[in-house]
Amino acid sequence: MNLAEYSLKNRVVVYFTLLLVFVGGIFSYFNMGKLEDSVFTIKTALVITQYSGASPHEVEQEVTEVIERAAQEIDCINEVYSSSYAGLSVVQIDLEQKLDADKMPQQWDILRKKIKDSESSLPPGVEAPVIIDDFGDVYGMFYAITGDGFSYEELNDYAQYLKRELLTAEHVGKISLFGNRTECIDIIMSDAKISELGINPGIIIGALNSQANIASAGTIELYQRNIRVAGNTAFKSIDEIRNTLIQVGEEKMYLKDIAQVNKSYLEPAVTLMRHNQVPSIGLAISTAKGGDVLVMAEDLAKKLEKITPELPIGIEMISIYNQANEVEKANDMFIINLIASVGIVIVILLLTMGLSSGLLIGSGLIFSILGTLVVMYGMDISLHRTSLAAIIIAMGMLVDNAIVVTDGTLVALQKGLNRRKAILNVGQSTAIPLLGATVIAILAFMPVFMAPNAAGEICRDLFLVLAISLGLSWVFAMTQTPLTCERFLKINKEIKNPFDGKAYVIFKSWLETILKYRKISICCVLGLLVVAVFAFTKTKKAFFMPLEKPYFLVDYWLPEGSSQNQVSKDLSEIENYLFENYSEINNITTSLSQTPPRYLICAHTENQNSSFGQLMIETHSCDEPLNIRESINKYLKENYPDARAMIKGYVGGPPIKYKVEARFIGPDPEVLRGLAEKTKEIMRNEPACGDITDNWRNKVMTWNPKYSPIKACRAGITRADLGDAILRSTTTGLGVGLYRENEEKKPIFLKVDNQSKNNIERIKNTAVWSESNATSVPLKEIVEDMEISWENSVIQRYNRQRAITVQCDPLDPEMTGSTLHAKVNDKIEAIPLPDGYSMMWDGEYKPSLESNEAVGKFFPLAILLIIFIIVMLFNSIRQSLIVIAIIPLSVIGVAIGLFVTGKAFGFMAIVGFLGLIGMVLKNAIVLMDQIDINLNKEGMSPYDAIVNAAVSRMRPVMLTALTTILGMSPLVTDPMYGSMAVTIMFGLLFATVLTLLVVPLLYVLFYKVKIIDQK
């Protein structure tokens, strides 16, 4: 008993199942998780290590090398990047892309253990390494907290309050604050005064430390009870610090009598933020895994309604980026596209198959989609950009099986066959071929699903949703379609030849002509293939395409070593200019020294650097950023010639900072810089190149007071004493302890007054005190020399070797990285490299190549399985070869489509081509199966069997192609999936015509069928 027969005998079971699917689908849609982008894991961790006072070279050799060596002991390490700054090591560890996301926590635990074990190899004075393993977390909701008339301390308190309250909202994962400055206590003294009084700063430090901590305590037994003895608590207020007694010899004095004690902020600030020129604190919120961002947004709104009345007037929480709004737009568009696709299908079927047939097949589409939502909900697959695109792609394909069954039933009824018998015969004859064709369509997407990299992870849900929906479409075609055909399908009672229509006659005439002149026909097909290959060489190439969003970024770099204050001043001027001259701009969010938390998965990040700032500019519509970027870029170049300003948008894929990157690897920094300069010169001579730089950037000035052991020994001064004296004179100051205020620990810094600070001549006369006695000497008396020299601000490494990366982007934002790479590729590769040096490409080239290789890794397996199914269906090598020969011909439509529309061929186009293979093979299988039926069951001659099969399958094949093409049309304008949609639509358009004409032609050639002249 086949499924069609079972359905006819068990109507109640089928109807009840359809009812459950209908209700379950609606329930699932409103309760399943909803996100903007598919969840993929950035398999990266950072290891940050402080080594105060060390040069970049010392950090590299003594810290970075140790951390890298420990990290590379982990088995699944893919690449290690490191940056060694003065006093700071940042090591970026990338795990292998094939590693499952659920295994990453275990790998990070192993990393922590390895780094912990390596700490004994680090030099004295190095702080414990900090491991950040949530580097790839996405905070989809990003707000600015502003406070008109409030101090920064008050603003920070309210930000902490909002963070605590909002963490209790449903589906909230984590909340991170950005731009909240670290409070500290500054003890500012006059160097001249403490020298005059003979006060060794070490005495002050000792006095503070003796009272800064809670004294140890215990218990006493009293009245047969254990009573805890409260320890003497530490400082409770700033006044207590001011009233700390300092004993110098026989004299005692208060700290406030010899120094100023004030609350302040750590200088320079780690990060700062402004929103529309107002100082603010960023609050970023992530959605819990599997959570619904729409539900989270609603709960956040309810929380804010309760909290807002409790906040003072002037404190505001302003939305900067709202993922919930993006998701809501995407879901609304999905509903519109669903209705449009169903409408398109029904209209097409109404025009070609009649009212009843159109409604029957349209109902099958609805049940397939609702059933898909039920399974997605059960498998915890959220609705997001990728899964919604998969459903839209599937919409056109979901009716294929139902069309074949309905058309077969309609034809049989028109020939006068009994209704029930017609349905059973069609169900029995088409079940296996359609199942095989459906499995082939699913297998075509398998290489993407199995690709062991980030791009494959992005498209994981694409495969799953397509597999679920296509599988269900076959089940419903074998159950719901026969049942509804029996009950509702109506035809004209007059028995006639169903293939007497004008369209059939014209098609048959074309086919017979092609078969008659088969040699000329096959040459024309091959000629079209050659033209397509030529057109393909002229198409744009890109890894992922830009997203259409009403936002763009300005990354602003001053020369390395510039102060944060200067960056802030410049960006403030730029903000004023933009607001005054561009009505298109709605909001500007400014970040200083670092990028904000990752609010969008494709947003790139920059580590802390005082020379860096970023403007996140929001316009009123998605079209406006492209319109104003060029004029803004011109203004920045003309008015800030010393700065490097990069204007960029967002790309629908893994974040890539620069589209073209050439990396040189070797031991000598000077040789590396020389190679980089040659590369940059090549890029400067290419008009298409812009934003040319390298990741070592410029060298910086360094003041180097060389410690003299002989002079210092005479004065009883150690190297540590010299370092403390210099630190007191710097912007940051000398850390001497901690002050506890509630749950916060605030560092205490010892500083000199502004007259001595940041002035080399005054620092030369700074008193250097010996820790062992109460004497001091001027700094210049214990150093050999005080020279200003130039050094590398950072030393970059790649896989434990020094490496400099030259970077650039296209001047034209619409130019792809692949196009720009082709313009400079040969010249850069022609640069002669000394022995021991090598060059590699990164940027867009490397991940694109890796993604293509990852997909290609399992492509042979998918093709092998597809071929196996085809051979199993037909049990014939020649028939299988005919079907497979259609695959290369689908390239014709793909190349022409991409060339005509201007879409780029990249990863998503490859995904579309894989899906196209499945669709084309499905049509060819249906046609080949009909030829077999005509030969073996109908007893026709080979020529008549071929022609009649093509004529009889013309309507279902054309309809399935037409519904797929038009159902997918809403994706053409999508920046991420547009190239995939064009690939499938144009490929299927040409391949469908070629299938109906070329499969018969190849059959005639392979089997040497004799042509019968019908005239």
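A network of salt bridges links Glu60, Glu65, Glu68, Arg69, Arg797, Arg800 and Arg802; a salt bridge is a side-chain nitrogen of Lys or Arg within 4 Å of a carboxyl oxygen of Asp or Glu. The model is a predicted one, in which local features need pLDDT of at least 70 and side-chain atom pairs count only at pLDDT 80 or more, whereas totals for chains, interfaces and linings use all residues. Residues are numbered from 1 along each chain as its sequence is written, and side-chain values use heavy atoms, with hydrogens and water left out.

The structure holds 27 salt bridges.

| Glu575 | Arg274 | 2.7 Å |

The salt bridge between Glu575 and Arg274 links distant parts of the chain, with Glu575 in helix 21 (residues 564–581) and Arg274 in strand 13, 301 residues apart. Helices (H or I, at least four residues) and strands (E, at least two) are DSSP runs, numbered from the N terminus. Glu575 is buried at a relative accessible area of 0%, and Arg274 also counts as buried, at 12%. Here buried means under 20% relative accessible area, exposed over 50%, and partly exposed in between (1.4 Å probe, protein chains only).

Glu677 and Lys680, by contrast, both lie in helix 23 (residues 669–684), three residues apart, about one turn of the helix. Glu677 is partly exposed at 40%, while Lys680 is buried at 8%.

Strand 13 (residues 272–275), which contains Arg274, is covered on both faces: Leu272 and Arg274 on one side and Met273 and His275 on the other are all buried. Strand 13 pairs in the antiparallel sense with strand 17 (residues 585–592) over four bridges, and with strand 14 (residues 278–287) over two; pairing requires that DSSP finds at least two bridges between the strands. The bridge partner of His275 in strand 17 is Thr589, and Arg274 stands opposite Pro279 in strand 14. Two residues separate strand 13 and strand 14 in their hairpin, where Asn276 takes a positive phi near 50°.

Ile26 lies in helix 2 (residues 11–31) and is partly exposed, with a relative accessible area of 37%.
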